There are 2 protein chains.
Amino acid sequence: MIDYEALFKITYGLYVVCSGSKERGNGYVSNTVFQVTSEPPHFATCCHKENHTAGLIRDSGVFSVSVLHMDTGPDTIGTFGYKSGSDTDKLKGMQIRYGETGVPIVLNDTIAYMEFRVTETIDVGTHLMFIGKLVHSEILDDDAEPLTYQYYRKVKKGFAPKNAPTYIDRSKLVKPGPAREYAKYQCPSCGYIYDEKEEGSRFEELPDNWVCPVCGEVKSEFIKL
Amino acid sequence: MIDYEALFKITYGLYVVCSGSKERGNGYVSNTVFQVTSEPPHFATCCHKENHTAGLIRDSGVFSVSVLHMDTGPDTIGTFGYKSGSDTDKLKGMQIRYGETGVPIVLNDTIAYMEFRVTETIDVGTHLMFIGKLVHSEILDDDAEPLTYQYYRKVKKGFAPKNAPTYIDRSKLVKPGPAREYAKYQCPSCGYIYDEKEEGSRFEELPDNWVCPVCGEVKSEFIKL
């Protein structure tokens, strides 16, 4: 028996993983970045095979990791987490630095970053796991706390997008209970739909400072469908 | 240029990873446990090749992960994190449950646990990465917060043991500064030595509620050597 709620007890941070070059770059929000050996330091990250960035990491052999701070705005997560690099230039308008390897590094909402050269690519099913040797790391803001996935879920009411390794079909989380009517609420700015049935909790129960996880629109502007 | 302090901005939890059977079992403290694919859920964990548990996971093909709660006592971390299964029966005297696969599961200080069958073993240098398919998961305490590596480091003043993927030679963390004398302080209960030079901060600067990371002895009992 699998209790999917138990999976939320695993602790993760939230990062923007970037790859490519000055000519063509892309990034996505990842919560699976972790050190796999200490000497010399190697890290791993998992990327859905359909992610645009997966192809860039394979082609360029380099990737960067930007550690997001706790107060990361919805712009950064909306752009890198919920849009596709196939139809958007996600790096356009962002603060980008190019590393020693030429890889783009996102500086928006970033407290530290790391740059890697891929040493191994492992097929783990729906995802590819890239293992990279650390070539450069730097702290940009030593006082800010890093954003954790738990904080993003609990306080910011965000969910992992469909291509994340930790994506959970929300119907698996809804405990059996008395029948009740669910409603949907739409963001007037970006069209994002908050589906009470899918989210497992009522729109009214969200805190007043809740904002659209995609574009940051305030809760009070949402329209009941 | 690598700034090793930047590596501490990556977020991890803290877990006891166990393997073996009723006859012969062992476990170690790990901070690298993470989901690698969502459907079906697979997780990965890294284990130093010299760890006693690495051999048990290879032989049995199963492992369990116990998520520790924030107020985990020094007994659990001291036993599983700083002792070797080669010369100690770490499971003796602990609360153990045996899972569907027969794997031992540590229940001490545990808020949730998961049980896995190994699907792949990857050699990543000094460590082995075991990828396992989730076969069972359960929450034991839904109110307690999970222990994070950051909390363990900052509040409990603990460091990763030498075999951890995130182990950092502390001399790499000490910033250049004026020469000063370092002292050592010994725990009268377990013999653990707090070395100011190695830790990078003075014993007096530790908070009053700091305790021995191995056995939990209070700070005021430590003896200056």
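Analyst: In helix α2 of chain A, which spans residues 74–82, the buried residues are A:Thr76, A:Ile77, A:Gly78, A:Thr79, A:Phe80 and A:Gly81; here buried means under 20% relative accessible area, exposed means over 50% and partly exposed lies in between, with a 1.4 Å probe and protein chains only. Helices (H or I, at least four residues) and strands (E, at least two) are DSSP runs numbered from the N terminus. The cover over the buried residues of α2(A) includes the strands β1 (15–20), β2 (25–30), β5 (62–68) and β7 (104–106) of chain A, together with helix α3 (149–154) of chain A.

This is a predicted model, in which local features need pLDDT of at least 70 and side-chain atom pairs count only at pLDDT 80 or more, whereas totals for chains, interfaces and linings use all residues. Residues are numbered from 1 along each chain as its sequence is written, chains are lettered from A and ligands numbered from 1 in the order in which they are written, and side-chain values use heavy atoms, with hydrogens and water left out.

Elsewhere in chain A, A:His42 sits in strand β4, residues 42–48, and counts as buried because its relative accessibility is 13%. A polar atom of the side chain of A:His42 lies 3.0 Å from the backbone oxygen of A:Pro40. Residues up to four places away in sequence aside, A:His42 touches A:Phe34, A:Gln35, A:Val36, A:Thr37, A:Thr119, A:Ile131, A:Gly132 and A:Lys133, contact being taken as heavy atoms within 4.5 Å.

In chain B, B:Thr37 belongs to strand β3 and is buried, with a relative accessible area of 2%. The side chain of B:Thr37 has a polar atom 3.1 Å from the backbone oxygen of B:Pro40. Beyond four places in sequence, B:Thr37 is in contact with B:His42 and, in chain A, with A:Val124, A:Thr126, A:His127 and A:Pro165.

That leads to the interface itself. Chain B and chain A each bring 57 residues into contact with the other, and the area buried between them (the accessible area, with a 1.4 Å probe, that two parts lose on being put together, summed over both) is about 4500 Å², of which carbon and sulfur atoms give 59%. Of the area that chain B buries against chain A, B:Lys9, B:Thr11 and B:Gln35 supply 15%, more than any other three residues.

Two salt bridges are found across this interface, a salt bridge being a side-chain nitrogen of Lys or Arg within 4 Å of a carboxyl oxygen of Asp or Glu. B:Lys9 pairs in this way with A:Asp142, and their closest N and O atoms are 2.8 Å apart. On the side of chain B that touches chain A, the elements giving two or more residues are β3 (33–37), β4 (42–48), β8 (110–123), β9 (127–139) and α3 (149–154) of chain B, and β9(B) gives the most, with nine residues. By class, this side has 31 nonpolar, 13 polar and 13 charged residues, where Ala, Val, Leu, Ile, Met, Phe, Trp, Tyr, Cys and Pro count as nonpolar, Asp, Glu, Lys and Arg as charged, and the others, Gly among them, as polar.

The same surface serves both copies, since 100% of the contact residues of chain B recur in chain A.

Within chain B, B:Glu138 and B:Arg97 meet in a salt bridge, at 3.6 Å from N to O. B:Glu138 lies in strand β9 and B:Arg97 in strand β6 (residues 96–98) of chain B, so this pair ties together parts that are 41 residues apart in sequence. B:Glu138 is partly exposed at 24% relative accessible area, and B:Arg97 counts as partly exposed at 31%.

Technical notes: A polar contact is a pair of N or O atoms within 3.5 Å; within protein, one must be able to donate a hydrogen and the other to accept it, and residues adjacent in sequence count only if both atoms are side-chain atoms.
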